[in-house]
Amino acid sequence: MAGTSSNVHFHDIPDVVLATIFSLVADTRTRNAMSLVCLKWHLLERSTRKYLTLRGNVRDLFLLPTCFLAVTDLDLSLLSPWGHPLLDSSPNSFLLAQLLRQAFPSVVSLIVYIRNPSTLHLLAPQWPDLRHIKLIRWHQRLPTLPLGTEFSTLFEHCRMLSSLDVSHFHCWTEDLPPAIEAYPTLAASLSQLNILKHSSAEGFKSHELLAITASCPNLRELLATCIFDHRFVGFVGDQTLLALASNCPGLSLLHLVDATSLSNVRSDLNDDGYTSEDASINHAILGDVFAGLPLLEVLVLDVCHNVRDAWPALELLNSRCPKLKSIKLGQFHGICRDRDSRPDGIALCQGLESLSIKNSADLTDTSLEAISLGCPRLSKFEVLGCKKITAKGIWKLTHVLRNTLVDVKISFCKNLNSVSSLKAMEPIRDRIERLHIDCVWDSVDNSENQTGSSSSTEETRLKKKSKSHDVGNDNSFSSRTWSKLHHLSLWIAVGELLTPLSTAGLDDCPSLEEIEIKIEGDCRDQRRPCMDTLGLRFLAGYPSLSRMLLDCSGVIGYALTAPPGYADLSLWERFFLNGIDNLNLNELDYWPAQDMDMNQRSLFLPAAALLAQCGSLRKLFIHGTANEHFMMFLLRIPTLRDVQLREDYYPAPENDTSTEMRVESCRRFEDALNSINRHIPD
């Protein structure tokens with residue numbers, strides 16, 4: 001434009017516009033870098049920061065930031081010493097609570113670890129306008145507390161709560177109903193309630209669930225652990241579901257799982273897929289439940305007991321729940337009639353974008369084809385423990401849904417090993433973004449080989465058909481590159497190796513940023529690892545890999561009591577972690593293996609030494625215990641900024657002579673980690 005000056009500086013943009021731009025930046029490290037540009041950017045970044053996770057030791061009051069006055073979502077659950085009462089580590093607990101209030105006056109969403117009721121007594125009055133709170137506690141609830149005491153304290157001071165999350169808060173199921181019933185106004189304002197019990201094997205009984213929902217008629221989201229086994233008192237049956245729908249007709253998310261489903265125990269591959277008992281759920285009543293929830297968008301029913309001939313009720317979902325976008329079903333059989341590939345049953349839910357099928361004994365390839373034809377919008381598909389499906393059925397499904405499907409999980413399916421699962425992904429190889437497979441390398445049996453050959457024939461036929469229809473637009477069959485895959489999840493049995501992953505077809509993943517590896521099995525039955533390494537060094541072939549979750553919590557072994565000729569867990573940890581120094585990781589979450597007899601899950605010397613060789617790590621979360629001396633090994637990592645002992649770590653008292661990290665041990669390690677003598681590159 002003539003006559004217009006081109007010397008416009010970025011600072012000439014109005015502050016209102018700049019503040020809007022800054023508020024759109026979500027990445028924490030990016031925001032921190034922006035705040036270092038100049039004083040104006042520093043002030044803008046601080047004034048637009050809405051989310052903050054506070055780290056460090058609560059004793060260091062002089063380090064408490066006072067420039068984040070606009071923060072609305074505050075996470076205090078990672079303050080150290082982790083697992084100890086938050087405010088008890090301070091000489092003046094009330095003063096610390098007031099300082100937190102002054103530093104973060106705008107907080108409406110809070111996450112906090114509650115070891116004992118005193119923390120809530122001090123913190124709850126500081127933010128009376130809280131709308132959302134998530135409580136965390138992995139320690140046992142104090143048995144001397146009256147029922148509902150902790151919730152009553154919270155409800156007394158925070159009358160504007162609309163969302164409550166206690167999914168990681170260890171309490172009794174009897175605690176919540178009386179507290180909610182005692183505050184009817186607050187209960188009526190609740191719209192989100194998460195009472196999944198990840199930290200306990202208990203589930204809510206039917207009368208408890210109905211008491212909660214009757215007091216909270218305006219719930220939009222309900223997530224709960226229940227008891228669906230009719231042999232137990234207080235089991236959840238179809239009448240309970242019908243009453244629940246009547247109590248909360250505005251639900252958009254209903255997530256009910258049996259308590260046993262959270263244990264992740266795998267069933268026998270050779271059984272028929274049916275449990276010994278049926279759930280007390282009738283498909284006719286189930287249809288009435290769906291009719292009572294017209295606003296439902298997300299449905300999860302993992303009952304762990306047989307629900308047979310479910311297709312008539314599932315066919316009603318499309319008409320009675322027109323907004324339904326996501327379904328997860330566990331132990332539902334007959335979800336499709338399986339007469340031919342024409343859509344019926346669950347396949348009539350045309351608006352579905354996410355579908356997860358778990359332990360469906362009669363799910364077949366024909367059912368998968370019907371689902372692919374009847375649910376054309378599916379972007380996420382999971383199939384777990386379904387023993388009749390084959391690579392042929394999965395290939396047909398991915399081929400039909402190749403324009404929408406980007407997230408697939410295949411786990412514990414008898415006829416699908418690693419190679420066949422990856423071959424079934426060929427139609428979406430260049431589009432898939434998230435993938436989970438089981439690392440099962442042994443060849444399938446003869447019947448599976450026959451299925452594989454028929455799958456190959458079907459593949460060739462569909463390839464020709466695709467070429468004639470797509471006129472060369474679909475090149476997913478010629479490329480072996482997983483160009484968009486950024487998240488990979490693997491399950492592997494203890495003693496198996498990761499090295500065959502490349503030959504199976506996962507050798508070229510240029511965009512892979514995050515990998516999760518879950519290792520399970522009893523290594524007490526094996527004398528020693530068959531090789532010197534699991535094969536982590538193979539993962540160095542993924543150039544963008546920066547984050548790993550290595551979960552060995554499902555591995556059971558001998559911590560210190562291995563019989564002659566058997567290996568203890570320290571040797572197995574060397575096997576798991578050998579080669580990790582070849583990876584350019586920025587973040588690592590590590591769950592050590594456990595000795596159930598000694599109730600110990602801790603970091604051993606070989607693991608500490610191998611982790612210390614990860615020269616690029618910035619964040620390390622260890623989900624277990626550790627000796628202070630072993631933790632000091634980690635200071636050799638030049639870039640390490642954040643170390644946590646988390647989740648099921650139970651801190652020892654100061655007079656305990658065990659190897660666990662106590663308060664003073666944690667303090668000494670943190671002082672060394674944050675010492676001015678450590679020169680961190682960035």
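Me: In this predicted model, does Gln331 count as buried or exposed, and at what relative accessibility?
Reply: Gln331 lies in strand β10, which spans residues 326-332. Residues under 20% relative accessible area are classed as buried. Gln331 therefore counts as buried, at a relative accessibility of 5%.

Me: What is the phi of Gln331?
Reply: Most residues other than glycine have a negative phi. Gln331, a residue other than glycine, has a positive value. Its phi is near 70°.

Me: Where is Asp309 placed?
Reply: Asp309 also has a positive phi in a residue other than glycine, near 50°. Strand β9 covers 298-307 and helix α12 covers 311-315. The place of Asp309 is the loop between β9 and α12.

Me: How many disulfides does the structure hold?
Reply: A disulfide is a covalent bond between the sulfur atoms of two cysteines. The cut-off applied to such a pair of sulfur atoms is 2.5 Å. The number of disulfides in the structure is zero.

Me: Which cysteine has the sulfur nearest to that of Cys158, and how far away is it?
Reply: Cys158 is buried, with a relative accessible area of 0%. This residue is in no disulfide. The nearest cysteine sulfur is 16 Å away and belongs to Cys216.

Me: How many of the six residues of strand β4 are buried?
Reply: Strand β4 comprises residues 132-137. The strand is largely enclosed by the rest of the structure, because most of its residues are buried: five of the six.

Me: Which residue of β4 is the bridge partner of Tyr113?
Reply: Strand β3, residues 109-113, pairs with β4 in the parallel sense. Five bridges make up this pairing. The bridge partner of Tyr113 in β4 is Ile136.

Me: What is the relative orientation of α14 and α15?
Reply: Helix α14 (residues 365-374) packs with helix α15 (residues 391-400), their axes 8 Å apart. The angle is about 5°, and angles under 35 degrees count as roughly parallel. The two helices are therefore roughly parallel to each other.

Terms used:
Residues are numbered from 1 along each chain as its sequence is written. This is a predicted model: local features need pLDDT of at least 70, side-chain atom pairs count only at pLDDT 80 or more; totals for chains, interfaces and linings use all residues. Side-chain values use heavy atoms; hydrogens and water are left out. Axes are lines fitted to C-alpha atoms, for helices over the stretch in contact, and angles run from 0 to 180 degrees between N-to-C directions. Helices (H or I, at least four residues) and strands (E, at least two) are DSSP runs, numbered from the N terminus. Angles under 35 degrees count as roughly parallel, over 145 as roughly antiparallel, 65 to 115 as roughly perpendicular and the rest as oblique. Buried means under 20% relative accessible area, exposed over 50%, partly exposed in between (1.4 Å probe, protein chains only). Two strands pair if DSSP finds at least two bridges between them.
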